[in-house]
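Reader: Hi, could you walk me through this one? I'd like to chat about what the side chains are doing.

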Amino acid sequence: MPPPPTAALSSSSSLCLFPFSSYSSPKKTQLGFCPSFPFTRLTNVTPTRRLMTCSAVSIEKETLISHRPHSFLRETDGLDDGSVRSRFQRMIMEVQDSVCGALEAVDGAGKFKEDAWTRPGGGGGISRVLQDGDVFEKAGVNISVVYGVMPPEAYRAAKANVTDQKPGPVPFFAAGISSVLHPKNPFAPTLHFNYRYFETDAPKDAPGAPRQWWFGGGTDLTPSYIFEEDVKHFHSIQKKACDKFDPSFYPRFKKWCDDYFYIKHRDERRGLGGIFFDDLNDNDQEMLLSFATECANSVVPAYVPIVEKRKNTPFTESHKAWQQLRRGRYIEFNLVYDRGTTFGLKTGGRIESILVSLPLTARWEYDHKPEEGSEEWKLLDACMNPKEWI
C-alpha cells in the first residue's frame, strides 16, 4: 500500500493541533511546543534538562484563567475586525458551544468541565471534558488560538516552493477546534473531528515574502459494530458538506482519511473513515473558510442522531469486550502514529492535555481473532478493506 498523504505540521486525531517545535535564535529563548489544551511552553535553555536531542529546555506551565475571554486575538489583530483570523476564532468558539450543548443533552447527566488558559507568547484556549456520564465515558471538545515562531526547517517542510530560500524564524498564527467522543455503549461509535487554520508571516531574513495560509481538518467515525444505515448517514452528511463547495472534495478527502488513519503494524484502519484534508489553500480563502465552517457545523447532525439511536441498545459482556479491543486499536494509533500525541510526549508537554483523546478503558488480548462471518469480523474486514459507503 502506498504511504498516506503527508499532512505537514498538523495533527489529526489527538487534541493537539499543531505538532512542531518552534525556535527563536540560538541566543534567545527556545520554544518547543504543542498548542493543545492547555498550552505548554518550553523555555529557559539549560544544559541540565534535555527533553529533545538538540535542545535543552525546562517547562513553563500555561496560565489558567477564571473566565472565558471574548477573544484570544492580539489587539494588533483586531478583536472582531472581519479578518479570517477573527472569523475563524468566532466559528470555533460557536462550534464548541453547540457541540458541547448537544452532547450534554444526549448524555442527560454528564456536564463538561471547562478550563480556560492563556500563554505568555500570545493566545490561549478553552478545554472542555465530560467524563463518566450516563452516555459518554469521555468526551473532549477543545479550542486553541495561539501565536508562535516556526523554525526555518519546518517552514521549508510545509512549503516546497521555499526550498531555494534560506528563511529565518517564521512568525505564525494557528487556531483550531478538536474533539474525541467515546460513548459507553459498544453499539454507539467513537467520533473524532478537528478543524484548524494556519497563517505564517514573512521570514525575518526574507522581507517581502508572501504570507502563507492554509486550512486542515476532518471528521471520522470509529464504531465497534457496523450498522450500515448509521455509516451511510454519517458519510452522506460529510458528502453533503463537501458537495456544496466542490464535488471532487468528498471522494478526494474520503480516500485521504482512509489512508491517514492507517495502523501500519496491524494493516488496518482505525475506523470507517470520513473526510480528512490538510495544507488546503488551492481555492479561494473565503470559500475554504466557509467550507471549514460547514464541515464543523455538520458534526452534530452527522453524529448525534446515531448516538441517540444506539445509546440504550442492550449489550452483553462480549460486546463490551470487543469495544475494549477496538479501543486498544484507537490508542495504538494515537500513541504510535499521531503526530500531535507523539510530539507532545517527546517534548514534555502537559500530559493531561496530550492524552485527553484517550478513552478511560481499553483491552488487549493475545492473538485475538474474531470468528469469520461474525459481526466483529465484519467490522475488522471493513477496517482492513475500506469501502465506499455511499
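**A chat about the side chains**

Author: Happy to; let's start with Leu335, which is found in helix α7. Helices here are DSSP runs of H or I with at least four residues, and strands are runs of E with at least two, numbered from the N terminus. This is a predicted model, where local features need pLDDT of at least 70, side-chain atom pairs count only at pLDDT 80 or more, and totals for chains, interfaces and linings use all residues. Residues are numbered from 1 along each chain as its sequence is written, and side-chain values use heavy atoms, with hydrogens and water left out.

Reader: Thanks! Is Leu335 buried or exposed, or partly exposed?

Author: Leu335 is partly exposed, at a relative accessible area of 36%. Buried means under 20% relative accessible area, exposed means over 50%, and partly exposed is in between (1.4 Å probe, protein chains only).

Reader: Which residues form the nonpolar patch on the surface?

Author: Leu335 forms it with Val336, Leu345 and Ile351, and together they have about 310 Å² of accessible area. Patches take residues with over 30% relative accessible area and no salt bridge, joining like charges within 9 Å and nonpolar side chains (Val, Leu, Ile, Met, Phe, Trp, Tyr) within 5 Å. The areas come from the Shrake-Rupley method with a 1.4 Å probe, and for residues only the protein chains shown count as cover.

Reader: New topic: how many salt bridges does a search of the whole structure find?

Author: The search finds 28. A salt bridge here is a side-chain nitrogen of Lys or Arg within 4 Å of a carboxyl oxygen of Asp or Glu. One of them pairs Asp220 with Arg270, with the closest N and O atoms 2.8 Å apart. Asp220 lies in strand β11 (residues 212–222) and Arg270 in the loop between β13 (268–269) and β14 (274–280), so this pair ties together parts that are 50 residues apart in sequence.

Reader: Are those two buried or exposed?

Author: Asp220 is buried, with a relative accessible area of 3%, and Arg270 is buried as well, at 1%.

Reader: What does Thr222 touch?

Author: Leaving out residues up to four places away in sequence, Thr222 touches Pro189, Thr190, Arg270, Gly271 and Tyr330. Contact means heavy atoms within 4.5 Å. Thr222 is found in strand β11 and is buried, at 8%.

Reader: Back to charges: what does Glu268 form with Arg326?

Author: A salt bridge, with the closest N and O atoms 2.9 Å apart. Glu268 lies in strand β13 and Arg326 in helix α7 (residues 317–336), so parts that are 58 residues apart in sequence are tied together. Both Glu268 and Arg326 are buried.

Reader: Which residues are linked in a network of salt bridges?

Author: Arg68, Asp97, Glu114 and Arg128 are linked that way.

Reader: And how many disulfides does the search find?

Author: Zero, across the whole structure. The cut-off is a pair of cysteine sulfur atoms within 2.5 Å. As for cysteines, Cys100 is buried at 3%, and Cys383 is buried at 1%.

Reader: Last one: how many residues of strand β9 are buried?

Author: In β9 (residues 170–183), 13 of the 14 residues are buried. Ten bridges join β9 to strand β10 (residues 190–200), and the two run antiparallel. Two strands pair if DSSP finds at least two bridges between them. Gly176 stands opposite Arg196 in β10, and a hairpin joins β9 to β10 through six residues.
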